[in-house]
Amino acid sequence: MSLVAEAFVSQIAGKVPFIHVGNQVVSELGPIVQFVKAKGHSLSDGLDEVQKAEMKAYMELVNNMLLTAELYLQWCDEATVGEITHARYGSPYPWPLNHILAYQKQWEIKRKMKAIGWGNKTLDQVLEDVDQCCQALSQRLGTQPYFFNKQPTELDALVFGHLYTILTTQLTNDELSEKVKNYSNLLAFCRRIEQHYFEERGKGRLS
Amino acid sequence: MRLGGPPRSPRSGPSPEGPRSSPGHVHFGKSPQGQPRRARDPSPRPAAPPGLRGSARPRRRDSPRRAWPAALPLGGGRLWMGRRPPSPEARGPAPRRPAASPAQKSRASPGSPGPQPGAARGAAGGGPAQGRADAYREVLPGQRAGKMAAPMELFCWSGGWGLPSVDLDSLAVLTYARFTGAPLKVHKITNPWRSPSGTLPALRTSHGEVISVSHKIITHLRKEKYNADYDLSARQGADTLAFMSLLEEKLLPVLIHTFWIDAKNYVEVTRKWYAEAMPFPLNFFLPGRMQRQYMERLQLLCGGHRPENEEELEKELYQEARECLTLLSQRLGSQKFFFGDAPASLDAFVFSHLALLLQAKLPSGKLQAHLRGLHNLCAYCTHILSLYFPWDGAEAPPPRQAPAGPETEEEPYGRRNQILSVLAGLAAMVGYALLSGIVSIQRATPARAPGTQALGLAEEDEEE
């Protein structure tokens, strides 16, 4: 499955990504990182404590803002919902179930948005928040190759995942990806990681 | 030029005028219009060490500010008076900000469009200090004048447990306002229905609109040039966003759980406070309703990560919260505030979260114990409390005790009154019954001999 579809499915299903090791199935980013760490590989060992604190904080920022914005765009923006999300979410199911489940999921997400205070936000405000978040990430990245200088860390993986998805998914309006494209260092960051680590997938999804 | 001094140094370190430049004094120049904003009386301020106050100066800087040092040399001591034009000139909320800066500059040049009587009074009452305070205020006179018409009012939960407010959002907004010296008229109330928006905290701006989400209130204050984050670098601004997200995701759910879901804490601390504080009919159902709302919010917040059972979820949440606290402690290190020597909005939020956790006397406070072990965070909280809420920390017990004092004194009276009123009621009932013959007293001893019975009846007839 393409990276894009995986990423979106992960947000829909909630339990992807997962890794299957021997008898164990570990799902979602946090537990996977812990699992790998327990096996002796950790990306953030070289960081000092202040940096670890910052890394955790930035990961929360990404989760808080980017993830929520993506959810909002998928489920609370009528245009996107009507054209893309409903169809895609309901596609595995037969006829009335696809509509019912899609509406149910939408209602659930809207409730959640309300609980965290995003219920009354307009699309513009959400885009502004995304912009702020990208600005923060961009400023933190600066001119370094990765967020914590030479070595990639979990934060880099998380940011790459989100930004890449945003940049390469076709939605009804492209404003979200436009917001990200405003920050050239973030674009360069994504491109660099794509080239380094995903070369065999075919070149240049990020044009 | 005296006045030229402080504004030129962005962080006017130990400005001896620090304690004086408090919200109440800002409007000295505006005294013709009254001083509606004497909400926070700055009298205890001088108690705080001037150096510290100076270092904790509000930082509201803006580009027009840079123009001030150039304009200031004109007119000297009276310049600041001249800069306080009568409000009708400066009214005009919408184009205020962009227009005010050239307007301000032009106002600055003549030097004195007309000394105001209030300004004169201001000059009399410690002119240089006020001048420095006003000049340091940096806020364009036009804006202040426009706002003087209707000061911003903040409605928030009142204080308890040694804090100026018991509610997280209210505390954050109050702290931010204190950091920046924003002139707010603070209404500490215990009845959310009396607030303009029905929830607390709520800010009524000078245009009459009501904002009730704490982030939006702070954004509004920032827009009104009360910006505690002005001096932060871009990277620090980014860090602010990141740490606030961390707080919201990791610490807030646990705080909600600790205060509202954990049975012991809820019954003995939270509900008790709210039930005692709220006025009569509300205290029966409102705390319960608030609890249900918080529970729902918590469920939605953690909805995505629902492991098998409650215990697991709780453990996980608390684990993450402990981690979050440790991270905050590591980030703070040994600094006074998160970004150096002057507080920023992040400090307001962190303080509000930590102070609640630290100060409330929780019967089951696992997280509290962990927090107490992080000494730099505890010192940080007490530092901010003593610096920005020096009388609130002391005020909270006395006013609580002062009403509690007469209350406990009234208590015996209250009891006595209750007993008396019950007796009076009984007496009235019995008296009425006797008088109207519903009940009659048989004076004869109730020996069941018919003779005496007849006597009793005879007496009854006699009575009637």
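**In strand 4 of chain B, B:Val210 is the bridge partner of B:Arg204.** This close-up belongs to a predicted model, in which local features need pLDDT of at least 70 and side-chain atom pairs count only at pLDDT 80 or more, whereas totals for chains, interfaces and linings use all residues. Residues are numbered from 1 along each chain as its sequence is written, chains are lettered from A and ligands numbered from 1 in the order in which they are written, and side-chain values use heavy atoms, without hydrogens and water. Strand 3 (residues 202–204) and strand 4 of chain B run antiparallel and are joined by two bridges. Strands (E, at least two residues) and helices (H or I, at least four) are DSSP runs numbered from the N terminus.

**An open sheet in chain B has four strands in the order 2-1-3-4.** Its pairing is mixed; two strands pair if DSSP finds at least two bridges between them. At the edges lie strand 2 (184–189) and strand 4 (210–211) of chain B, each of which pairs on one side only.

**Two loops of chain B carry B:Pro201 and B:Trp161.** The loop between strand 2 and strand 3 of chain B holds B:Pro201. The peptide bond leading from B:Leu200 to B:Pro201 is cis, and its omega is near 0 degrees. B:Trp161 is found in the loop between strand 1 (152–157) and helix 11 (168–180) of chain B. Although B:Trp161 is not a glycine, its phi is positive, at about 55 degrees.

**Helix 4 and helix 5 of chain A pack against each other at an angle of about 125 degrees.** Helix 4 spans residues 78–90 of chain A and helix 5 spans residues 95–115 of chain A, and their axes are 9 Å apart. Axes are lines fitted to C-alpha atoms, for helices over the stretch in contact, with angles from 0 to 180 degrees between N-to-C directions. The two helices of chain A are therefore oblique to each other (under 35 degrees is roughly parallel, over 145 roughly antiparallel, 65 to 115 roughly perpendicular, and the rest oblique). Helix 4 of chain A contributes A:Glu78, A:Val81, A:His86, A:Tyr89 and A:Gly90 to the contact, and among the residues they meet in helix 5 of chain A are A:Asn98, A:Leu101, A:Tyr103 and A:Lys110; contact means heavy atoms within 4.5 Å. By class, the residues of this contact between helix 4 and helix 5 of chain A are five nonpolar, four polar and three charged (Ala, Val, Leu, Ile, Met, Phe, Trp, Tyr, Cys and Pro are nonpolar, Asp, Glu, Lys and Arg charged, and the others, Gly among them, polar).

**Helix 16 and helix 18 of chain B pack with their axes 10 Å apart.** The angle between helix 16 (residues 310–332) and helix 18 (residues 366–373) of chain B is about 20 degrees, and these helices are therefore roughly parallel to each other. Helix 16 of chain B makes the contact through B:Glu314, B:Tyr318, B:Ala321, B:Arg322, B:Leu325 and B:Thr326, and helix 18 of chain B through B:Lys366, B:Leu367, B:His370 and B:Leu371. The contact of helix 16 with helix 18 of chain B comprises five nonpolar, two polar and three charged residues.

**Confidence in chain A has a mean pLDDT of 78.** In chain A, 87% of the residues reach 70 or more; pLDDT is the predictor's confidence in each residue, from 0 to 100. Residues 1–14 of chain A have a pLDDT below 50, and this stretch has 25 contacts in the model beyond near neighbours in sequence. The model scores ipTM 0.78 and pTM 0.63.
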